[in-house]
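Please view the sequence and the model together before reading on.

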Amino acid sequence: MALKIVKGSIDRMFDKNLQDLVRGIRNHKEDEAKYISTCIDEIKQELKQDNIAVKANAVCKLTYLQMLGYDVSWAAFNIVEVMSSSKFTYKRIGYLAASQCFHESTDVIMLTTNQIRKDLSSPNQYDTGVALTGLSCFVTPDLARDLANDIMTLMSHTKPYIRKKAVLIMYKVFLKYPESLRPAFPRLKEKLEDPDPGVQSAAVNVICELARRNPKNYLSLAPLFFKLMTSSTNNWVLIKIIKLFGALTPLEPRLGKKLIEPLTNLIHSVLSLFIVKYLGLLAMSKILKTHPKSVQSHKDLILQCLDDKDESIRLRALDLLYGMVSKKNLMEIVKKLMLHVDKAEGTTYRDELLTKIIDICSQRAYNCLWYISILVELTRLEGTRHGHLIASQMLDVAIRVKAIRAFAVAQMATLLDNAHLLTGNTQRNGICEVLYAAAWICGEFSEHLEEPMATLEAMLRPKVATLPGHIQAVYVQNAAKLFATVLRGQEGAPADSTVAQETSQLLIDRLPLFVQSSNLEVQERASCILQLVKYIQKLQQKDVEVAEEVTALFAGELNPVAPKAQKKVPVPEGLDLDVWINEPPSGSESEDEGRKSKGKAVFAKDESRHTKPRYTEVDEKELAKRREVRKAEQANNPFYIKASPSSQKVRRHSVSKPNPSPSFSLRLWMPMSDQYVKLEEERRERNKADKKKKKDKKKREKGEKGRRRRGDSGPESEEDITPAHMVDIVTEEMPENALPSDDDDKDPNDPHKALNIDLDNCPLMDYQVVVSVIFENKCDSFIKSMEFNVLDSLNSKLQRPDGAGPHDGLIVPFQLPPGISNEARFIFSVQNIVMPQKLKGTLTFIVKTDDSSTHEKLDFKLHFTCTSYLITTPCYSDAYSKLLESGDLKGCSLKLEGVNQPFHHLLARICFHHHFSVVERIDSCASMYSRSIQGHHMCLLVKTADQTVSIDAKCDEPGLLGNVLDEIKLTFSQC
Amino acid sequence: MQFMLLFSRQGKLRLQKWYVPLSDKERKKISRDLVQTILARKPKMCSFLEWRDLKIVYKRYASLYFCCAVEDQDNELITLEIIHRYVELLDKYFGSVCELDIIFNFEKAYFILDEFLLGGEAQETSKKNVLKAIEQADLLQEVCGLCPR
């Protein structure tokens, strides 16, 4: 035997260890696969040996190979063997291997339950530690169910090292076995105030994760977290708490006000990580929705954050500012932001600044003069993508506010004059879009121009030809308008007619440049106008006054049309929009038709003025080009005030997706109010059958909606829906009676859904008692099909799986070969714990012998003593004395005579049999504490003198106390 | 956190920790995809990326990439902080850590990670405590190693 051991260790010396393996793999770069397959063969040999050290070494190497992508599932059983080694060195490797290689479908996991339980209760904290760590990676629903209780006990372990691990792993257990949440929650809550910061942070972590998913159930913890937030100095904990409050504030608006103060302090403090700052700002933006006033008072602080060197923080602050703007502070904030625009580095941030400024002003600007000057100032920005946005805003203001037109026109004229500054560097420069607006405004409101001639000249500069086509087109068209104005001025004056003729000549000289343009739109407009001017020149040469008639070409005011205007037009009686006017045309035809109808809508006015030659036959390429141009034209058309490119994109996107999820659109605007909470409650009450019905209904609704929409847009193809149809997407896309439920967003398999358990108010709170039963087969035959059943009493019920009747038995999940014992756990729910009780039960099973099998039955009684409702809970002496002082507890006492055992034995007995813990011991006097599963405190003062033991006891439930004392008495009378 | 991967510039996996139960096949596919995606990114690109329905947070330390996958609602910055803290821990334990340390002592790297994170959540925020726990466990291991077999 000794020789064998020596041989084993000599063998070991020649075995490869992990380092050798790694080195070997690195040295066999060319034939790595071959080398590893020989290594695996060696490992297989090593695993066959009895020596656990060899096995552990092999398993360690396998773990490495597993990472390289090799299948090691065949060694699962060996991993379990190493895990169950009594030596920490090997156990550690075993658990590591298990945590890397095991997953839910690994069948050997079932075998580990008892080993893990043993390790969890090991006196060595590091054994417990590795078991917990390992378990966190491969916990299955079965393991969670079987071990939940053990882990729950560890949450009150004396060592913080274990406590914190146990607390964290509970989250995994909750996910796998949601029933454990309710019994574990009180203890978890206690851990929030654990003296050890690590444990505390673990508890905060777990509760935050839980609360984030189902915030409503955790509202009652808000005061506790509030206290933690103001007292904790651990940034990691703070981050989690701020996150938690982010989830809670929508549900409890009052929280918002209280949070502002501590959050401001956090932002102020230089010590905190920049992440805390970021999260703080994020939380403030959430509070802003419910309590704008309280956030507004911190405006300066937030403005300071704009100077932060971290871009993420600047963006957050910007977001927040956007929400805070009011009539009063608008100008001030925008002024500050404008300063930042100049300083800002990085185009993303600058563009973000720009859009925010425009957004802020477009919604709340009351001083339009000021706004126009801001917009003009913004055009100084180089390389921004948002020229478009600025342009549309300029148009918007100029069209809508008559009073400022003169000012706007003057500004725009300057812009046109300085166009070279805007178009300076590159073609791609997005800012040149503003010239589009400038040209249009100058043309349309040319009566306000002081020097129309100069502007006309500016608009016809050769450099214009380098601008994008759609801008040139506007230039040309508006040059014609300006021309009309100039003519009127010149003819009205008594000067000689040559001046007017010179003006015409200017156009005739410059326009050919545009006639040659490769852009069809420009070409078309330029040739039209050129012909017109040539004709005018002829008339001028005959001394005919033309100004009046030329102006008449552009008569009429362009009024802004609200985006929703079309919708407000009532459908005339007898008109059914759902009926096809013609038979549905085929694909290409409908496109053509659509284009025509769009053309009519967009160019209606132009056509009435100029008899534009209609192309009857254009080749495909040109068609596409023209469509592009029109699209751009349409986007920029001042008739459609809000047709910014982004909104168009959104609209098109939503149209092309026939059934956007109704819940998606709801989320966009539904306020998170009490209403939501109510609906959430209702939702929970609906049963599954109902859910199915709803789904069907929704399907139907979607169908209907689809048809309705098609009716709206008539025979047009998707893209051709004119902007007049553009309505608030959110409202249109929503079926009338859609229910705001979060069912649809959530994956039905989402484990967090099962954790939506109301932890505060459950009127019929059931408490659980886990009964662990050890079955031992003492006969010589095989026992199988065991079924465990208990006759429920009113007070205590065996928990049966869903769908089982109240008298069905539970199948014991194992079979027993002769001489083997195994343990099964059953959960009872108990309502009243004051009285002890006995439950009658039966165990049925089949005894299988070689030739026959018989069905047998065993009756038993389960005795639930009051002690079994007590949980060993440590208590600190100051908390203990506070408890006694509170006066809520009622007293009772007990005298035991003739006890002749040492005092510490006596205490140990009480601790062991009756689940008490010693709070303090002084000589022959000790105070002890325990707690019931329903939270009753139980305090004992044990004194001994001359073989007499006196126990003074206090508890807030006298009935329970009496029964426990009786049971203690019984324990001592038996010894 | 859903999982953590460590891989080299050559795309070799150096450490992997999965906090969600997935089959080997899925794990392999995910890590292959991710390693490719991240290695293709330029050095100055953002450390965060959206990948499937997860957020990936990664950072390169010398020749090693540290990569974590977190859920949509999780904070990227704190994840970055976790990565950094782990690197600091490795650094303290090995004494200016290099890739080879992790290759040859990969089980130690795991033990450190397990003391720092549990079930994907930060378990101990004090560096001192993590290292103390590791040292004591190591001590226990040495003692055990000397025990007569």
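## Architecture of chain B

Chain B of this predicted model contains five helices and seven strands. Helices (H or I, at least four residues) and strands (E, at least two) are DSSP runs, numbered from the N terminus. In sequence order, the elements of chain B follow the pattern β-β-α-β-β-β-α-α-α-β-β-α.

Chain B has 149 residues, and 58% of them count as buried. Here, buried means under 20% relative accessible area, exposed means over 50%, and partly exposed lies in between (1.4 Å probe, protein chains only). Chain B exposes about 6600 Å², of which carbon and sulfur atoms supply 53%; such areas come from the Shrake-Rupley method with a 1.4 Å probe, and for residues only the protein chains shown count as cover. Of the contacts in chain B between residues at least 6 apart in sequence, 47% join residues at least 24 apart, a contact being heavy atoms within 4.5 Å.

## Basis of the description

Residues are numbered from 1 along each chain as its sequence is written, while chains are lettered from A and ligands numbered from 1 in the order in which they are written. Because the model is predicted, local features need pLDDT of at least 70 and side-chain atom pairs count only at pLDDT 80 or more, whereas totals for chains, interfaces and linings use all residues; side-chain values use heavy atoms, with hydrogens and water left out.

## The interface between the chains

The contact draws 52 residues from chain B and 57 residues from chain A. Together the two chains bury about 5200 Å², with 56% of that area on carbon and sulfur atoms. Buried area is the accessible area (1.4 Å probe) that two parts lose on being put together, summed over both.

Across the interface there are 18 residue pairs in polar contact (both at pLDDT 80 or more). A polar contact is a pair of N or O atoms within 3.5 Å; within protein, one must be able to donate a hydrogen and the other to accept it, and residues adjacent in sequence count only if both atoms are side-chain atoms. The elements of chain B that give two or more residues to the side touching chain A are strand E2 (13-18), helix H1 (24-39), helix H2 (76-94), helix H3 (99-104), helix H4 (106-116), strand E7 (121-122) and helix H5 (127-146). H5(B) gives the most, with nine residues. This side of chain B divides into 23 nonpolar, eleven polar and 18 charged residues. In this division, Ala, Val, Leu, Ile, Met, Phe, Trp, Tyr, Cys and Pro count as nonpolar, Asp, Glu, Lys and Arg as charged, and the others, Gly among them, as polar.

## Salt bridges

A salt bridge is a side-chain nitrogen of Lys or Arg within 4 Å of a carboxyl oxygen of Asp or Glu. Over all chains, the structure holds 35 salt bridges, and five are found across the interface of chain B and chain A. B:Asp74 pairs in this way with A:Arg212, their closest N and O atoms being 2.9 Å apart. Both residues belong to a network of salt bridges that also links A:Glu209, A:Lys240 and B:Glu121.

Other salt bridges lie within one chain. A:Lys55 and A:Glu81 meet at 3.1 Å, N to O; A:Lys55 is in helix H4 (residues 52-67) of chain A and A:Glu81 in helix H5 (residues 76-83) of chain A, 26 residues apart. A:Lys55 is buried, at 8% relative accessible area, whereas A:Glu81 is partly exposed at 25%. In chain B, Glu88 and Lys127 form a salt bridge with closest N and O atoms 3.2 Å apart. B:Glu88 lies in helix H2 and B:Lys127 in helix H5, so the pair ties together parts of chain B that are 39 residues apart in sequence.

## Two buried residues of chain A

A:Gly94 is found in helix H6 (residues 88-101) of chain A and is buried, with a relative accessible area of 0%. Its C-alpha atom is separated by 6.9 Å from that of A:Ala56, 38 residues apart along the chain. Not counting residues up to four places away in sequence, A:Gly94 touches A:Ile79, A:Val82 and A:Met83.

A:Ser781 lies in the loop between strand E1 (767-776) and strand E2 (782-790) of chain A. A:Ser781 is buried, with a relative accessible area of 14%. Leaving aside neighbours within four places in sequence, A:Ser781 is in contact with A:Leu816, A:Pro818, A:Val847, A:Lys848 and A:Thr849.
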